[in-house]
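Hi,

Here is the structure I promised to pass on to you. Have a look at it first, and then read on for what turned up.

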Amino acid sequence: MRLAFEERGADYLLAIKEAHGQAAPVLLRKGDDAGTMRFDVPYQMTMILTNISRFIKEGRIAVVARRCDERAIAELVKRDLLNHDNLVVIGLACSEEQIRECRCTDPCPSSADIGHCAAPAKEDQAASSIQSMPLPDRLDYWIDQFRKCNKCFGCTLNCPVCFCDDCLLEEKTFTPEKGIPPGLAFHLIRAVHLADKCVECGECERSCPSDIPLLALRKMVNQDMKRMFNYTSGDPERRSPLLTTLEGDPMEDDGDAC
Amino acid sequence: MPVDYILTTCPYCGTGCNFFLQVADGRAVGVVPCKTDETSAGSLCIKGYNAHAFVNHSDRLTHPMIREGDQLSKATWEEALQRIASEMKRISDEHGPDAIMVLASAKCTNEENYLIQKVARAAIGTNNVDHCARLCHASTVAGLLQSFGSGAMTNTIPEFENADCILVTGSNTLEAHPLIGTRILKARDKGAKVIVVDPRDTPLSRVATISMRQESGSDVAWINGMINIIISEKLHDEEFIAARTTGFDELREIVKNYTPERVKSLTGIPEDDLVSAAKMYASADKAMIAYAMGITQHSNGTNLVRALANLAMVTGNVGRESTGVNPLRGQCNVQGACDAGALPNLYPGYQSVEDAETRSKFEHAWNRKLSEKKGMALTNAFDKALTGEVKAMLIFGENPMMSDPDIGHVERAISKLEFMAVIDIFPTETVKLADVVLPAACYAEKNGTFTATDRAVRAVRKAVDPPGDARPDWQIACDLGRLLAGDGFDFASPEQVLAEMAAVAPIYGGIDYERIEEEMVRWPCPSKDHPGTKVLHTESFKIGKGVFAPIEHTPPAEETSDEYPLILTTGRNLFQFHTGTMTRRSAKLQREAAGPYVEINTEDARRLGIIDDASVRITSRRGTITLAARVTQWIRPGTIFIPFHYAEAAANRLTNNALDPTAQIPEYKVCAARLEKA
């Protein structure tokens, strides 16, 4: 609170607090009684932030952000979907357990205001064990996983960098299935569509009620992006290599296209 | 504060997921899952994620209305309430209080249902109070009361994850109870065996270990068949049977006749599958049964529930974690509406109205004489309206013009009534026929509690103001109670109502707002220091010993004929909910499943010359509807399925009001029908 309002001059603080025995998102103003703050439950703060920013007409919002939130914010700022001048980022270092759960290779925020940086994870066992399968088995594995999908759209709704106004997954041309589970196209569109944006926050996997290993899928796509374009999402400086002209130059203007 | 997050309970199915309603500028604008909620654990289904969408809809009822000729005209609250009270008094004076039927609502809170049944019993003076549990799990309440002594889910939702075997029947769990369905998937991923028995291939059956498609209405046969195999293979739990049950010998005699061959001829289930399923279920250390409308909505629904109880007891799968018989309740508060006494034969807390001692307890608590006569079931009330025995109905948040079987019959019955008042949030098909309409607050606009299917009492918290002049049902019930009875309805808050309910219903004895605000408590919870109960019947059954019921297979009330050669069964899809009042006003849900359709098997469609999306006419002995064909391999040949959400082709124009003799639940799951090109 003190850090957000006094030292960094924010007007609001978006954080997680204890309410009704649960960890609850909360938007606070200076002087509000915060009660007990909680830093142990990984809510997707960037998604919560973008959902409320249109209702905050003026003032700066401080947000308790993990490293992946910082990177998600960078993706949104690059596309002019968020104004960095209106934000105060309070860095939260993830616990060892959280790092293990996300198999996170980049866990330390640029300023660890809360908590201490722990060592990054080495590699994603889930992704590498899938990659070690022969291709036909790999397809069977994914089909079995995708059969569990009941189309809650949790992976999309909770994703910090899923921001299209008209979602292709709601478009009947690409996902014509009536009922559930949706077909492979549903998951493939999502896999490819986020290729130059995903910051591996793991929220898709965490919010999937059916435990589909979506983070493993994301990590595999990100590995390809790294290999093919030497590009890692969440870099505030570099534009997506997918946004290029026919001449191979980076696009100049339509940076907010997805 | 410009943005708030209000923790509340989902208004759709009975799973009881909690989430945060995101409120901005006084409007509900979004939903955020609650990561630490024991039930939903940070996930939701598509309906939950869209639970804010209908709240601000422009169709919301915003002011009371009174009928003048063909039209409903705007009225003040005082005029409308006075009109209801004076009509109730007039009809009660002229024909007696039993000429009035009160419908409570599984969409209302516990507190509201308590008040509504109190209005019926203590203010009007009749036990004629019922609600849509009659249409979904009346047979569960009756059947499990007889077998175990308690009509509720024996175990809890999180326990599904740790079961070794889960038998799911008559439940399209991934669509109708998505977050229970996904718990079953988690168990499967951990190695549990999943057996699904359903006439349709459901999203769950497609990933199950064994999937069996029985002919609709043949369920006693396969359940008895499984018990027979279990006993002959000596896989039954002799110790449990001897120590904790009665009636095993009679059961054994009956099931002997259900050989796999005979079961195949009655149900169509291959012998090998039945044997494998029986061994799989009986060999598991912890096996759970989950079921829903496919078991209950039959003219032998109570017997079917008892047959499942037999199966669980034979294998000793009751009274331990991750076992039991688990009815999945379909409405956010259908469990609570039953608990609160919105049933014609039971006071709050499942206490019989016919028991003199109990009645005198309630007479003392409510300070007036109460009717000794058991009330009327919802499904009988419309018959009695046609014959003139019922003259008036007071309907809180129900839509019988869509939800009840044989709607043509309901419509004729309503036209015979002298007076009907409806309290609702939207102009439903039933509202349109009312004499007085009162606008209600929806779940997001009031405080209270819902009781989930696993007996967890969960807080509903006010996030936004009701639109226009709309008021919460608990205030409306109090106002009506005061006008009709004078005293006994002076409650300032739902909290005070729950306190009174806890005082008269021992299963809620220890539950109060202070606890609900901070913890999840499951009934029975008899005292403030009691932690609540997860697993029922651990040491002994509520009635001492569990009772085996020897049940014989009986055919459904209506069988196919040359004229009506197909079996029609009805149910839900994932995206819509019940009569569509809320979901069809939620853009994202409506987009996913916009219009009515009938599922027909590929072979049947080829034979009849029907292609996918063709317009077809379905006719039963009661009515005809026209809708689109959905040609699919996922349904048994000879069976067709229609979701009941769509007013423009209401499945319940066709269904049969044949009732289970014990529970008066209608046979929605089987009627004979004909399908033609339209």
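Predicted model: local features only at pLDDT ≥ 70, side-chain atom pairs only at ≥ 80, totals over all residues.

Residues are numbered from 1 along each chain as its sequence is written, chains are lettered from A and ligands numbered from 1 in the order in which they are written, and side-chain values use heavy atoms, with hydrogens and water left out.

**Cysteines**

With a disulfide taken as a pair of cysteine sulfur atoms within 2.5 Å, the count over all chains is 1. The partners are Cys108(A) and Cys117(A), with 1.7 Å from S to S. Their link is right-handed, at 70° about the S-S bond. Cys108(A) is partly exposed at 31% relative accessible area, and Cys117(A) is partly exposed too, at 37%.

What about Cys152(A) and Cys159(A)? For Cys152(A), the closest cysteine sulfur belongs to Cys208(A) and is 6.3 Å away, so it is too far for a bond. Cys159(A) has its closest cysteine sulfur in Cys162(A), at 4.3 Å, and that is also too far for a bond. Cys152(A) is buried at 7% relative accessibility, and Cys159(A) is buried at 10%.

**Cavities and pockets**

These were found on a 1 Å grid over the protein atoms alone: a cavity is a set of points where a 1.4 Å probe fits but cannot get out, a pocket is an open set with protein on both sides within 12 Å along at least five of seven lines, and lining residues have an atom within 4 Å of a point. Grid points are joined across faces, edges and corners, and a volume is the space filled by probe spheres set on the points.

There are 8 cavities of 30 Å³ or more. (Helices, H or I with at least four residues, and strands, E with at least two, are DSSP runs numbered from the N terminus.)

The largest pocket holds about 1,300 Å³ of space. It is lined by 41 residues, and those nearest its centre are Asn51(A), Leu157(A), Cys162(A), Cys164(A) and Lys588(B). H2(A) supplies the largest share of the pocket lining, 4 residues.

**A helix in chain B**

Helix H19 of chain B spans residues 407–416, and its buried residues are Ile407(B), Gly408(B), His409(B), Val410(B), Ala413(B) and Ile414(B). They pack against helices H17 (378–387) and H18 (400–403) and strands S17 (419–424) and S28 (656–659) of chain B.

**Domains of chain A**

Going by an automatic or database domain assignment, chain A has domain 1 (2–102) and domain 2 (125–229). The C-alpha centres of domain 1 and domain 2 of chain A lie 26 Å apart. Their contact (heavy atoms within 4.5 Å) takes 14 residues from domain 1 of chain A and 14 residues from domain 2 of chain A.

Best wishes

How values were computed. Buried < 20%, exposed > 50% of the residue type's maximum accessible area, 1.4 Å probe, protein only.
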